[in-house]
Amino acid sequence: MRPAAGADPDAPLISIRGLSKSYETKSGRFPALRNINLDVLPGNFIAVVGKSGSGKSTLVNVMTGIDTPSAGEIIAGGTKVHLLSEEKLAVWRGRSVGVVFQFFQLLPTLTIIENVMLPMDFCNAFPARERRERGLALLRKLGIADQADKLPAYLSGGQQQRAAIARALANDPPILVADEPTGNLDSKTSDEVMALFAELSVEGKAVVMVTHERDRTRWFTRVIELSDGAMVNDQKAGAHA
Ligand code: ADP
Ligand code: MG
(Lines give C-alpha, C1' and ligand atoms only; values in the text may rest on other atoms or scores of the structure.)
(Ligands and ions follow the chains in the order given, each with its own letter.)
Protein backbone atom coordinates (compact mmCIF):
# COMPACT_ATOMS: atom_id res chain seq x y z
CA MET A 1 0.00 0.00 0.00
CA ARG A 2 2.97 2.33 0.47
CA PRO A 3 4.43 4.25 -2.48
CA ALA A 4 6.95 2.14 -4.37
CA ALA A 5 10.43 2.11 -2.83
CA GLY A 6 12.47 4.92 -4.30
CA ALA A 7 9.40 6.92 -5.29
CA ASP A 8 9.75 10.57 -4.26
CA PRO A 9 7.22 11.03 -1.45
CA ASP A 10 6.99 14.73 -2.30
CA ALA A 11 6.31 14.20 -6.00
CA PRO A 12 2.65 14.97 -6.76
CA LEU A 13 0.53 12.04 -7.89
CA ILE A 14 -1.63 14.54 -9.76
CA SER A 15 -0.78 18.12 -10.71
CA ILE A 16 -3.61 20.34 -11.84
CA ARG A 17 -2.53 23.53 -13.58
CA GLY A 18 -4.75 26.37 -14.75
CA LEU A 19 -7.73 24.07 -15.00
CA SER A 20 -10.97 25.52 -16.32
CA LYS A 21 -14.17 23.83 -17.36
CA SER A 22 -17.15 25.41 -19.07
CA TYR A 23 -20.37 23.69 -20.00
CA GLU A 24 -22.23 24.64 -23.18
CA THR A 25 -25.79 25.48 -22.24
CA LYS A 26 -28.76 26.95 -24.08
CA SER A 27 -27.94 30.33 -22.60
CA GLY A 28 -24.25 30.12 -23.56
CA ARG A 29 -21.04 28.92 -21.95
CA PHE A 30 -21.30 28.35 -18.23
CA PRO A 31 -17.95 28.44 -16.36
CA ALA A 32 -18.08 25.64 -13.75
CA LEU A 33 -14.35 25.75 -12.87
CA ARG A 34 -12.01 28.72 -13.12
CA ASN A 35 -8.23 28.45 -13.09
CA ILE A 36 -7.77 25.71 -10.50
CA ASN A 37 -4.25 24.78 -9.39
CA LEU A 38 -3.74 21.80 -7.11
CA ASP A 39 -1.04 19.24 -6.32
CA VAL A 40 -2.13 15.95 -4.78
CA LEU A 41 0.64 14.17 -2.86
CA PRO A 42 0.91 10.65 -1.41
CA GLY A 43 -0.70 10.56 2.05
CA ASN A 44 -2.83 13.66 1.42
CA PHE A 45 -6.43 13.44 2.57
CA ILE A 46 -8.00 16.42 0.82
CA ALA A 47 -11.56 17.60 1.40
CA VAL A 48 -13.26 19.56 -1.36
CA VAL A 49 -16.02 21.67 0.18
CA GLY A 50 -18.35 24.37 -1.10
CA LYS A 51 -22.01 25.07 -1.70
CA SER A 52 -24.12 22.99 -4.03
CA GLY A 53 -23.26 24.03 -7.60
CA SER A 54 -19.80 25.38 -6.69
CA GLY A 55 -18.04 22.92 -9.01
CA LYS A 56 -16.96 20.13 -6.65
CA SER A 57 -18.22 17.23 -8.77
CA THR A 58 -16.92 18.88 -11.92
CA LEU A 59 -13.46 19.13 -10.34
CA VAL A 60 -13.29 15.47 -9.32
CA ASN A 61 -14.79 14.34 -12.63
CA VAL A 62 -12.18 16.26 -14.61
CA MET A 63 -9.41 15.14 -12.25
CA THR A 64 -10.28 11.49 -12.84
CA GLY A 65 -10.75 11.81 -16.58
CA ILE A 66 -14.50 11.13 -16.34
CA ASP A 67 -14.95 14.57 -17.93
CA THR A 68 -12.59 16.68 -20.06
CA PRO A 69 -11.19 20.12 -19.16
CA SER A 70 -11.84 23.19 -21.34
CA ALA A 71 -8.37 24.55 -20.52
CA GLY A 72 -5.38 23.68 -18.38
CA GLU A 73 -3.38 20.57 -17.61
CA ILE A 74 -3.71 17.43 -15.50
CA ILE A 75 -0.42 15.62 -15.12
CA ALA A 76 -0.14 12.30 -13.29
CA GLY A 77 3.22 10.55 -12.95
CA GLY A 78 4.49 12.22 -16.12
CA THR A 79 1.31 11.39 -18.07
CA LYS A 80 -0.55 14.35 -19.55
CA VAL A 81 -3.99 13.01 -18.73
CA HIS A 82 -5.82 15.81 -20.60
CA LEU A 83 -4.16 14.72 -23.86
CA LEU A 84 -4.94 10.97 -23.65
CA SER A 85 -7.21 9.31 -26.19
CA GLU A 86 -10.48 7.92 -24.84
CA GLU A 87 -9.04 4.40 -24.87
CA LYS A 88 -5.77 5.27 -23.10
CA LEU A 89 -7.69 7.40 -20.62
CA ALA A 90 -9.85 4.41 -19.64
CA VAL A 91 -6.74 2.31 -18.99
CA TRP A 92 -5.01 5.12 -17.07
CA ARG A 93 -8.10 5.67 -14.94
CA GLY A 94 -8.58 1.96 -14.28
CA ARG A 95 -5.03 1.58 -12.97
CA SER A 96 -4.38 4.95 -11.37
CA VAL A 97 -7.53 6.18 -9.65
CA GLY A 98 -10.17 4.46 -7.59
CA VAL A 99 -13.48 6.30 -7.71
CA VAL A 100 -16.21 6.09 -5.06
CA PHE A 101 -19.67 7.62 -5.55
CA GLN A 102 -22.48 8.72 -3.26
CA PHE A 103 -24.84 6.03 -4.53
CA PHE A 104 -22.20 3.26 -4.59
CA GLN A 105 -22.93 2.32 -8.22
CA LEU A 106 -22.29 -1.37 -7.80
CA LEU A 107 -23.55 -3.45 -10.72
CA PRO A 108 -26.79 -4.96 -9.40
CA THR A 109 -26.62 -8.25 -11.29
CA LEU A 110 -23.08 -9.10 -10.15
CA THR A 111 -22.19 -10.41 -6.70
CA ILE A 112 -20.04 -8.29 -4.39
CA ILE A 113 -16.86 -10.23 -5.18
CA GLU A 114 -17.62 -10.03 -8.91
CA ASN A 115 -18.04 -6.26 -8.59
CA VAL A 116 -14.68 -6.03 -6.83
CA MET A 117 -12.95 -8.19 -9.45
CA LEU A 118 -14.31 -6.19 -12.37
CA PRO A 119 -11.57 -3.50 -12.46
CA MET A 120 -8.89 -6.22 -12.29
CA ASP A 121 -10.52 -8.02 -15.22
CA PHE A 122 -10.90 -4.76 -17.16
CA CYS A 123 -7.27 -3.70 -16.73
CA ASN A 124 -5.72 -7.17 -16.65
CA ALA A 125 -3.87 -5.86 -13.62
CA PHE A 126 -3.30 -9.12 -11.74
CA PRO A 127 -3.03 -12.71 -13.02
CA ALA A 128 -6.55 -14.11 -13.51
CA ARG A 129 -6.04 -16.90 -10.95
CA GLU A 130 -5.11 -14.36 -8.23
CA ARG A 131 -8.01 -11.96 -8.73
CA ARG A 132 -10.63 -13.67 -6.60
CA GLU A 133 -8.25 -14.12 -3.66
CA ARG A 134 -7.14 -10.49 -3.96
CA GLY A 135 -10.79 -9.37 -4.04
CA LEU A 136 -11.55 -11.46 -0.94
CA ALA A 137 -8.52 -9.99 0.84
CA LEU A 138 -9.87 -6.49 0.13
CA LEU A 139 -13.33 -7.47 1.39
CA ARG A 140 -11.69 -8.85 4.55
CA LYS A 141 -9.79 -5.58 5.02
CA LEU A 142 -13.11 -3.75 4.79
CA GLY A 143 -14.84 -6.21 7.12
CA ILE A 144 -17.39 -7.61 4.66
CA ALA A 145 -15.80 -10.83 3.39
CA ASP A 146 -18.91 -12.71 4.55
CA GLN A 147 -20.97 -10.74 2.01
CA ALA A 148 -18.81 -11.73 -0.98
CA ASP A 149 -21.32 -13.95 -2.78
CA LYS A 150 -24.43 -11.80 -2.26
CA LEU A 151 -25.97 -9.37 -4.71
CA PRO A 152 -25.57 -5.68 -3.73
CA ALA A 153 -29.30 -5.24 -3.00
CA TYR A 154 -29.01 -7.60 -0.01
CA LEU A 155 -26.41 -5.38 1.71
CA SER A 156 -26.95 -2.31 3.88
CA GLY A 157 -25.85 1.08 2.54
CA GLY A 158 -22.71 1.01 4.66
CA GLN A 159 -21.81 -2.47 3.44
CA GLN A 160 -22.41 -1.44 -0.17
CA GLN A 161 -20.13 1.58 0.27
CA ARG A 162 -17.44 -0.68 1.75
CA ALA A 163 -17.80 -2.94 -1.28
CA ALA A 164 -17.49 0.10 -3.54
CA ILE A 165 -14.30 1.11 -1.70
CA ALA A 166 -12.94 -2.44 -2.13
CA ARG A 167 -13.72 -2.14 -5.85
CA ALA A 168 -11.94 1.24 -5.96
CA LEU A 169 -8.86 -0.42 -4.38
CA ALA A 170 -8.92 -3.43 -6.72
CA ASN A 171 -6.01 -2.33 -8.89
CA ASP A 172 -4.11 -0.78 -5.96
CA PRO A 173 -4.31 2.75 -7.39
CA PRO A 174 -2.23 5.48 -5.70
CA ILE A 175 -5.20 7.87 -5.73
CA LEU A 176 -8.74 7.52 -4.44
CA VAL A 177 -11.38 10.06 -5.37
CA ALA A 178 -14.78 10.07 -3.68
CA ASP A 179 -17.75 12.33 -4.41
CA GLU A 180 -19.86 12.68 -1.24
CA PRO A 181 -19.27 9.02 -0.30
CA THR A 182 -21.02 9.41 3.05
CA GLY A 183 -23.93 11.47 1.68
CA ASN A 184 -26.23 8.49 1.80
CA LEU A 185 -25.11 6.93 5.09
CA ASP A 186 -26.16 7.39 8.72
CA SER A 187 -23.70 9.24 10.94
CA LYS A 188 -22.16 6.17 12.62
CA THR A 189 -21.59 4.37 9.30
CA SER A 190 -20.35 7.57 7.79
CA ASP A 191 -17.74 7.93 10.59
CA GLU A 192 -16.61 4.36 9.89
CA VAL A 193 -16.23 5.11 6.19
CA MET A 194 -14.31 8.32 6.98
CA ALA A 195 -11.99 6.35 9.28
CA LEU A 196 -11.36 3.89 6.46
CA PHE A 197 -10.38 6.63 4.03
CA ALA A 198 -8.19 8.24 6.71
CA GLU A 199 -6.43 4.90 7.27
CA LEU A 200 -5.84 4.52 3.53
CA SER A 201 -4.25 7.98 3.41
CA VAL A 202 -1.99 7.08 6.36
CA GLU A 203 -0.95 4.00 4.38
CA GLY A 204 0.23 6.36 1.61
CA LYS A 205 -2.75 6.65 -0.73
CA ALA A 206 -3.85 10.11 -1.74
CA VAL A 207 -7.54 10.61 -1.04
CA VAL A 208 -9.57 13.47 -2.51
CA MET A 209 -13.08 13.64 -1.10
CA VAL A 210 -15.98 15.93 -1.90
CA THR A 211 -17.96 16.57 1.25
CA HIS A 212 -20.35 19.20 2.51
CA GLU A 213 -19.93 18.19 6.11
CA ARG A 214 -17.69 20.93 7.46
CA ASP A 215 -17.52 19.47 10.95
CA ARG A 216 -15.70 16.50 9.51
CA THR A 217 -12.68 18.57 8.53
CA ARG A 218 -10.80 17.07 11.49
CA TRP A 219 -10.27 13.97 9.35
CA PHE A 220 -8.44 15.79 6.59
CA THR A 221 -4.87 16.97 5.98
CA ARG A 222 -6.15 19.79 3.80
CA VAL A 223 -9.47 21.45 3.01
CA ILE A 224 -10.04 23.34 -0.23
CA GLU A 225 -13.17 25.37 -0.77
CA LEU A 226 -14.78 26.18 -4.09
CA SER A 227 -17.14 29.04 -4.77
CA ASP A 228 -18.58 29.66 -8.24
CA GLY A 229 -15.89 27.39 -9.68
CA ALA A 230 -12.94 29.16 -8.09
CA MET A 231 -10.76 27.98 -5.21
CA VAL A 232 -11.45 30.54 -2.50
CA ASN A 233 -9.86 28.82 0.46
CA ASP A 234 -7.02 26.34 0.95
CA GLN A 235 -6.33 25.30 4.53
CA LYS A 236 -4.11 22.79 6.21
CA ALA A 237 -6.28 20.71 8.51
CA GLY A 238 -5.60 18.73 11.64
CA ALA A 239 -5.20 15.09 10.60
CA HIS A 240 -1.91 13.13 10.68
CA ALA A 241 -0.59 15.68 13.19
P1 ADP B 1 -21.31 20.62 -7.03
O2 ADP B 1 -20.82 19.23 -7.16
O3 ADP B 1 -20.41 21.51 -6.23
O4 ADP B 1 -22.73 20.70 -6.53
P5 ADP B 1 -21.20 20.63 -9.93
O6 ADP B 1 -19.78 20.45 -10.27
O7 ADP B 1 -22.10 19.47 -10.07
O8 ADP B 1 -21.33 21.30 -8.48
O9 ADP B 1 -21.80 21.79 -10.85
C10 ADP B 1 -21.17 23.05 -10.98
C11 ADP B 1 -22.02 23.93 -11.86
O12 ADP B 1 -22.00 23.44 -13.20
C13 ADP B 1 -23.49 23.98 -11.44
O14 ADP B 1 -23.97 25.28 -11.66
C15 ADP B 1 -24.15 23.00 -12.39
O16 ADP B 1 -25.49 23.36 -12.62
C17 ADP B 1 -23.30 23.14 -13.64
N18 ADP B 1 -23.27 21.89 -14.41
C19 ADP B 1 -22.84 20.69 -13.96
N20 ADP B 1 -22.89 19.77 -14.94
C21 ADP B 1 -23.38 20.40 -16.03
C22 ADP B 1 -23.66 20.00 -17.38
N23 ADP B 1 -23.44 18.75 -17.79
N24 ADP B 1 -24.15 20.94 -18.23
C25 ADP B 1 -24.35 22.21 -17.83
N26 ADP B 1 -24.10 22.65 -16.58
C27 ADP B 1 -23.62 21.78 -15.69
MG1 MG C 1 -21.69 17.40 -6.65
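Student: Where is N124 found?

Tutor: Helices (H or I, at least four residues) and strands (E, at least two) are DSSP runs, numbered from the N terminus. N124 is found in the loop between α3 and α4 (128-141). This is a predicted model, in which local features need pLDDT of at least 70 and side-chain atom pairs count only at pLDDT 80 or more, while totals for chains, interfaces and linings use all residues. Residues are numbered from 1 along each chain as its sequence is written, chains are lettered from A and ligands numbered from 1 in the order in which they are written, and side-chain values use heavy atoms, with hydrogens and water left out.

Student: What is the phi of N124?

Tutor: Most residues other than glycine have a negative phi. The phi of N124 is near 55 degrees, a positive value in a residue that is not glycine. N35, found in strand β2 (residues 28-40), also has a positive phi, near 45 degrees. After α1 comes G65, with a positive phi near 75 degrees.

Student: Is N35 buried or exposed?

Tutor: Buried means under 20% relative accessible area, exposed over 50%, and partly exposed in between (1.4 Å probe, protein chains only). N35 has 51% relative accessibility and therefore counts as exposed. N124 is exposed because its relative accessible area is 56%. G78, in the loop between β4 (71-76) and β5 (79-80), has a relative accessible area of 67% and is exposed.

Student: Why is Q161 buried?

Tutor: Q161 counts as buried because its relative accessible area is 0%. This residue is in helix α5 (residues 157-168). Not counting residues up to four places away in sequence, Q161 touches V100, F101, Q102, F104, P181, L185 and V193. At 2.8 Å, the side chain of Q161 reaches the backbone oxygen of P181.

Student: How many residues of α1 are buried?

Tutor: The helix α1 is mostly covered, with 6 of its 8 residues buried. These are K56, T58, L59, V60, V62 and M63.

Student: How many cavities of 30 Å³ or more does the structure hold?

Tutor: Rolling a probe the size of a water molecule over the atoms shows where empty space is left. On a 1 Å grid over the protein atoms alone, a cavity is a set of points where a 1.4 Å probe fits but cannot get out; a pocket is an open set with protein on both sides within 12 Å along at least five of seven lines; lining residues have an atom within 4 Å of a point. Grid points are joined across faces, edges and corners, and a volume is the space filled by probe spheres set on the points. The structure holds 2 such cavities. The second largest cavity has a volume of about 30 Å³.

Student: Which residues line the second largest cavity?

Tutor: Its lining consists of V60, N61, T64, I66, V99, F101, V177 and D179. At least two of the lining residues come from α1 (56-63), and at least two from β7 (175-179). Ala, Val, Leu, Ile, Met, Phe, Trp, Tyr, Cys and Pro count as nonpolar, Asp, Glu, Lys and Arg as charged, and the others, Gly among them, as polar. By class, this lining has 5 nonpolar, 2 polar and 1 charged residues.

Student: What volume does the largest pocket have?

Tutor: The volume of the largest pocket is about 500 Å³. Its lining has 20 residues, and R93, G94, V99, P119 and R167 lie nearest its centre. Two or more lining residues come from each of α2 (86-96), β6 (97-100), α3 (112-123) and α5. The most come from α3, with 5 residues. The lining of the largest pocket divides into 13 nonpolar, 5 polar and 2 charged residues.

Student: How many aromatic pairs does a search of the whole structure find?

Tutor: A pair of aromatic rings is described by the distance of the centres and the angle of the planes. Rings of Phe, Tyr and Trp (its six-membered ring) pair if their centres lie within 6.5 Å; planes under 30 degrees apart count as stacked, over 60 as edge-to-face and the rest as tilted. The search finds 1 aromatic pair. F45 and F220 form this edge-to-face pair, at 4.6 Å centre to centre and 65 degrees between the planes. It links distant parts of the chain, 175 residues apart: F45 is in strand β3 (residues 45-49), F220 in the loop between β8 (206-210) and β9 (222-227). Both F45 and F220 are buried.

Conventions:
A polar contact is a pair of N or O atoms within 3.5 Å; within protein, one must be able to donate a hydrogen and the other to accept it, and residues adjacent in sequence count only if both atoms are side-chain atoms. Contact means heavy atoms within 4.5 Å.
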